[in-house]
Every structure is written in C-alpha cells, then in structure tokens.
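The sequence and the structure come before the text.

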Amino acid sequence: MVTGQLSENPESRFSALLAGAARLPGVRVDREAYLRTALARHCSEDDVRRAVEETPAAAGIPLAVLDRVANESIRYETAKVSALSAAAGIPGFIAMPATVPADLAQYVGHMLRIAQKLAYLFSWPDLFSAENDDLDDATKGVLTLFFGVMFGTQSANAAVGKVAGMISEQVAKKLPQQALTKGVVYPVVKKVAQHLGVEMTKQTFAKSVSKAIPLVGAAVSGGLTYATFRPMARRLKTHLSDLELAKPAGGQVITGEVVQDATVPGTAEAKIPKPAREWSVLKRR
C-alpha cells in the first residue's frame, strides 16, 4: 500500500508517497520509446534518432515543436488522471477509506509520468535505472524539485535551474549525484519535500470531501483533479523549456515560423523549412 503507515514528518510522508507511486505499474516512462513515438509525427527520422541517442536539443529540434509535443502529452495525462479520479469518486462515502489513498497514489503516479515526459523532451537524462526498482537518491531529489516547480515553489525553480546548469556544463548523461544528495542542492530538496508533504495532506483532505456523495463526488473529484493537474504540468513545462539545457544546438533561436542565427548580429531571418530540415508547421496562429 502506497499510503501505509507513514511518519508524521511531512518530508518522510512525501518521500514514502513518491517512492511508492514510482513502483506502481505503468508509472515509469521509457525515454527512448517515448521520444521516438512523441517526435515521430513532427520530426525527420534522422532528427528523432539523434534526439534519442543524444538529446532533442542536440538534435536541434525547435522549442516550438517540443512545446507542441509537450502540450499533447499534458492533455493525454490530464484526461487519463481526471477520468481515473472521477471513477474513484463513484462509490461515495462508504468506500472513501479505500478510494482516497488509491486516488492520491495514482495522482502522484501521473505527476511522475508527466514529469518524466517533459524532462526527456527538454533534454534531461534518463531519470530511472532499468536495473533498479527503487528510486536512487539523486532521482528522488530531482523529482522532488520537479514536483516543487509544479506546486509553484520558488526555491525549487532555482534549484532545478542549478541542476540543469550542471548537466549542461558537464554534457552529462546522468544526474549530478553529489549535488542532489550531499551538495548545494540537497538542503533545498529537503525543504521542498517538507513543503510537499504538507500540500499532499491538504489534497488528501480535499479529495476526501469531494468523494463524500456518490456520483456527485465523482464529478467533483474529476473536476478537481483536472483543475489542479493541468496547470501544474504546464508550470513545469514552462520552466523546463526556459532553461539553457533545452535550447536547440547550433546557436539558433527558433520561435515558430522563422529562424534567426543568434551568433551573427543583423542576420536576416529565414523561413522554415531550412535546407536538410523538414519541420512540420511549428505554430498555429
């Protein structure tokens, strides 16, 4: 049970919930499979291959394309988690002790799914080890910070930026273990985890109230989930896409329908597609 007997300490409560949700079936996103599927409709085969082997930024995929793919993933995960939340609210008051913990677990599970998808789109390394079912401390730390960004915690925003900077500087394919587990970022991780433990308790109470009346509770619960999940996912998307780690390689600033070389002042803008690159329409007006 994900929400078994947890410590009264909010930090421990959140950490246990995070670790339990990460073990649920279907929560872990295969980075390679996701990028291949998500980018296939928008990018050439060669660009998809390079995005998988390196990163979408290294492949030069424009942020406008990544933004569109990210929005598609957010819509999918939001619809799925809202439907599951509504279904959990149908039994009403009698089933509340069982449905509320399960609802919270699957809610956190979908937060983990969208956090992974957005991270991979915006050039973060693989977050989970295929050889280990449990979260290592570095992964737990960065996911805690991602959740902090989703909840609007400013210290988490700054810490995620610092971690992204370390990955970018080292051209690393792994998370900076030292910084997340013992170094400068670690105290922020602990503080954010404590804050999230309190916030999760509030959400549990809100969901308990919403499920008190059968059928009506289902509509309220599903609506509450939709109203909270989507804005949080979009908040994380905005933050990750603004980081230097996500910027396309080659010194180009690509905003939608035009490309401008940022390294040469006064360079004239050129319409997409450019030679040897066939992008889909990047931005609808």
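Of the contacts in the protein chain with a separation of 6 or more, what percentage is accounted for by residues 24 or more positions apart? The share is 72%.

**Overall layout and confidence**

The model is predicted. Its protein chain holds 10 helices and 3 strands. Read from the N terminus, the order of elements is α-α-α-α-α-α-α-α-α-α-β-β-β. The chain has 285 residues, and 49% of them count as buried.

The mean pLDDT of the protein chain is 77. A pLDDT of 70 or more is reached by 66% of the residues.

| Stretch | pLDDT | Contacts in the model |
|---|---|---|
| Residues 89–100 | under 50 | 27 contacts beyond four places in sequence |
| Residues 251–285 | below 50 | 61 contacts beyond near neighbours in sequence |

Where pLDDT is low, predicted coordinates should not be read in detail. That caution bears on the contact counts in the table.

**Helices H2 and H3**

Helix H2 covers residues 31–40, and helix H3 covers residues 45–53. The axes of H2 and H3 are 9 Å apart, and the packing angle is about 155°. Since angles over 145 degrees count as roughly antiparallel, H2 is therefore roughly antiparallel to H3. The crossing of H2 past H3 is right-handed.

On the H2 side the contact is formed by Arg31, Glu32, Leu35, Arg36, Leu39 and Ala40, and on the H3 side by Val48, Ala51 and Val52. By class, the residues of this contact are 6 nonpolar, no polar and 3 charged.

Leu39 lies in H2. Is Leu39 buried or exposed? With a relative accessible area of 0%, Leu39 is buried, because buried means under 20%. Apart from neighbours within four places in sequence, the contacts of Leu39 are Val48, Ala51, Ile61, Leu66, Val69 and Leu121. Val48 and Ala51 also belong to the H3 side of the helix contact. Between Leu39 and Val52 there are 9.9 Å from C-alpha to C-alpha, at a distance of 13 residues in sequence.

**Helices H6 and H7**

The second pair consists of helix H6, residues 137–150, and helix H7, residues 154–170. Their axes come within 8 Å and cross at roughly 135°. H6 and H7 are therefore oblique to each other, and the crossing is left-handed.

From H6, the residues making the contact are Leu145, Phe146, Gly148 and Val149. H7 contributes Ala156, Asn157, Ala159, Val160 and Val163. This contact of H6 with H7 divides into 7 nonpolar residues, 2 polar ones and no charged ones. For the contact of H2 with H3, by contrast, the division includes 3 charged residues and no polar ones.

Where is Ser123 placed? Ser123 sits in the loop between helix H5 (96–121) and H6. Its phi is near 75°, a positive value in a residue other than glycine. Ser123 has a relative accessibility of 3% and so counts as buried.

Terms used. Residues are numbered from 1 along each chain as its sequence is written. This is a predicted model: local features need pLDDT of at least 70, side-chain atom pairs count only at pLDDT 80 or more; totals for chains, interfaces and linings use all residues. Side-chain values use heavy atoms; hydrogens and water are left out. Axes are lines fitted to C-alpha atoms, for helices over the stretch in contact, and angles run from 0 to 180 degrees between N-to-C directions. Helices (H or I, at least four residues) and strands (E, at least two) are DSSP runs, numbered from the N terminus. Angles under 35 degrees count as roughly parallel, over 145 as roughly antiparallel, 65 to 115 as roughly perpendicular and the rest as oblique. A crossing is left-handed if the near helix is turned anticlockwise from the far one by less than a right angle, and right-handed if clockwise. Contact means heavy atoms within 4.5 Å. Ala, Val, Leu, Ile, Met, Phe, Trp, Tyr, Cys and Pro count as nonpolar, Asp, Glu, Lys and Arg as charged, and the others, Gly among them, as polar. pLDDT is the predictor's confidence in each residue, from 0 to 100. Buried means under 20% relative accessible area, exposed over 50%, partly exposed in between (1.4 Å probe, protein chains only).
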